[in-house]
Amino acid sequence: MLLDVKLGQLPTWLAMRDFTPGGIVGALRRGYDRYYNKYINVKKGGLGGISMLLAGYVVVSYIWSYSHLKHDRHRKYH
Amino acid sequence: ALSAPLLPSAPAALRSLPPPVAASVLHTTRQLHTTQQCLAPLPPLPEKGGEVRYGLIPEEFFQFLYPKTGVTGPYMLGTGLLLYLLSKEIYVVNHETVAAVCILSVIIYGVKKYGSAVAAFADKLNEEKVATALAVKNEAIKSLETAIEEEKKEQWRVEGCSYLFDAKRNNVAMLLETNYRERLLTVYNEVKKRLDYQVAMQNLKRQKEQDHMIQWVEKSVVQSITPQQQKESIAKCILDLKALSKSVQATV
C-alpha cells in the first residue's frame with residue numbers, strides 16, 4: 001500500500017488516510033500483523049524476527065537520548 | 001494481548017467445530033477471513049519467515065537496490081552512512097560504544113555456537129505438539145470411519161429384516177392353521193360322540209325289545225305244551241330213535 005504510492009502522490013495519499021483513533025489503531029494493528037505473520041508466525045522462525053525489533057528499539061532509544069549524548073562529542077566543530 | 005479481540009470473532013466458527021479439531025489449530029491468532037466462507041481447513045503456516053541478512057536487514061532492501069546499484073550497492077550505502085554518522089559525530093563514540101561492542105560480540109558468539117542446537121530443540125517441541133494433534137485428528141477420523149462401517153452393516157441388516165418377517169409370518173400362519181385343524185377335529189369328535197350315543201341308544205332299545213319278545217314267545221310256547229303232548233312227543237321220539245337204530249344196524 002504505502003510502497004505502491006509514488007513519491008509525488010505522497011501528500012494526497014497522506015490526506016486520504018484515516019486519522020481517527022480507530023483508524024490509527026487499525027493501521028498499527030495491520031502493521032503489526034504484517035510483521036508478525038511474515039517473520040514470527042512461521043514454522044522455522046530465525047533470529048531475524050526479534051533481532052530486527054531489538055535493533056529498532058536500540059535506534060529509537062538512541063534518537064530519544066541524542067540531546068544528552070551531544071555533550072559527549074570529542075570535537076566541537078565537524 | 002493484541003490478538004485477544006480477534007478471538008471472539010474468528011474462532012466462533014472454530015468453537016462450533018468438535019473439540020478434537022479445535023485443539024489441532026496451534027496458532028489461533030492468524031488473520032482469518034472475516035466472511036463465513038473460508039473457515040476450515042486453515043492454510044498451513046509458511047515454512048520459513050522472511051529472509052533477513054546479517055540478522056538485521058530484510059532481504060527485500062537488497063532486492064530493492066539491486067536493479068539500480070547491483071550487488072554491492074547496499075554495502076556501499078551502509079559504509080557511507082556509517083562513515084557519515086561517525087565523522088559528523090551523529091553517532092558519538094563513548095563508553096557505551098565499548099559496552100555495546102562487548103555485548104554484541106558475546107551475543108554473536110553464543111548464537112553462532114548454540115543456535116542450531118536451540119533451533120533443533122524448539123523444532124522437536126513443535127513436532128511433538130503437531131504429532132499429538134495429528135494423532136487426535138486421526139483418532140477422530142478412524143472412529144468416524146468405524147461408525148460409518150457400523151452404519152452400513154446396520155443398513156444391510158435392515159434389508160435382511162424382510163426375510164425375517166416373512167419367516168415369522170409363515171410361522172404364525174402355520175400356528176393358526178394347526179389350531180384351526182385341531183378345533184375342527186375336536187368338533188368332529190364331539191359330534192361323532194353324540195351321534196354314536198344316539199345310535200347306541202337305538203340299538204339298545206331294539207335289542208331289548210328283541211330279547212323281551214323272544215323270552216315272551218318262549219315262555220308262551222313252553223306254557224302251551226301240555227303234559228299230553230309231552231308224552232306223545234317223547235313216544236314219537238323213541239319210535240324214531242328205534243327206526244334210526246335199525247337203519248344203522250342194517251348198514252353196519
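Let me begin with Tyr54(B), which is exposed, with a relative accessible area of 64%. Please bear in mind that we are looking at a predicted model. Tyr54(B) sits in the loop between β1 and β2 of chain B. Although not a glycine, Tyr54(B) has a positive phi of about 55°.

Where is Glu89(B) placed? The residue belongs to the loop between α5 (73–87) and α6 of chain B. Is Glu89(B) buried or exposed? Its relative accessibility is 7%, so Glu89(B) counts as buried, the limit being under 20%.

I turn now to helix α2 of chain A, residues 21–40. The helix has 20 residues and reaches 27 Å from its first C-alpha to its last, close to the expected 28 Å. Gly23(A), Asp33(A), Tyr36(A) and Tyr39(A) are its buried residues. Within chain A they pack against α3 (48–64), and in chain B against β1 (52–53), β2 (57–58) and α4 (59–69).

Finally, the surface. A nonpolar patch there has about 800 Å² of accessible area together, and its members include Ile40(A), Leu47(A), Ile103(B) and Val111(B). Two elements give two or more residues to this patch: α3 of chain A and α6 (95–224) of chain B. The largest share, five residues, comes from α6(B). Leu47(A), for its part, lies in the loop between α2 and α3 of chain A.

How values were computed:
Residues are numbered from 1 along each chain as its sequence is written. Chains are lettered from A and ligands numbered from 1 in the order in which they are written. This is a predicted model: local features need pLDDT of at least 70, side-chain atom pairs count only at pLDDT 80 or more; totals for chains, interfaces and linings use all residues. Side-chain values use heavy atoms; hydrogens and water are left out. Helices (H or I, at least four residues) and strands (E, at least two) are DSSP runs, numbered from the N terminus. The expected span of a helix is 1.5 Å times one less than its number of residues. Buried means under 20% relative accessible area, exposed over 50%, partly exposed in between (1.4 Å probe, protein chains only). Contact means heavy atoms within 4.5 Å. Patches are made of residues with over 30% relative accessible area and no salt bridge: like charges are joined within 9 Å, nonpolar side chains (Val, Leu, Ile, Met, Phe, Trp, Tyr) within 5 Å. Accessible areas come from the Shrake-Rupley method with a 1.4 Å probe; for residues, only the protein chains shown count as cover. A salt bridge is a side-chain nitrogen of Lys or Arg within 4 Å of a carboxyl oxygen of Asp or Glu.
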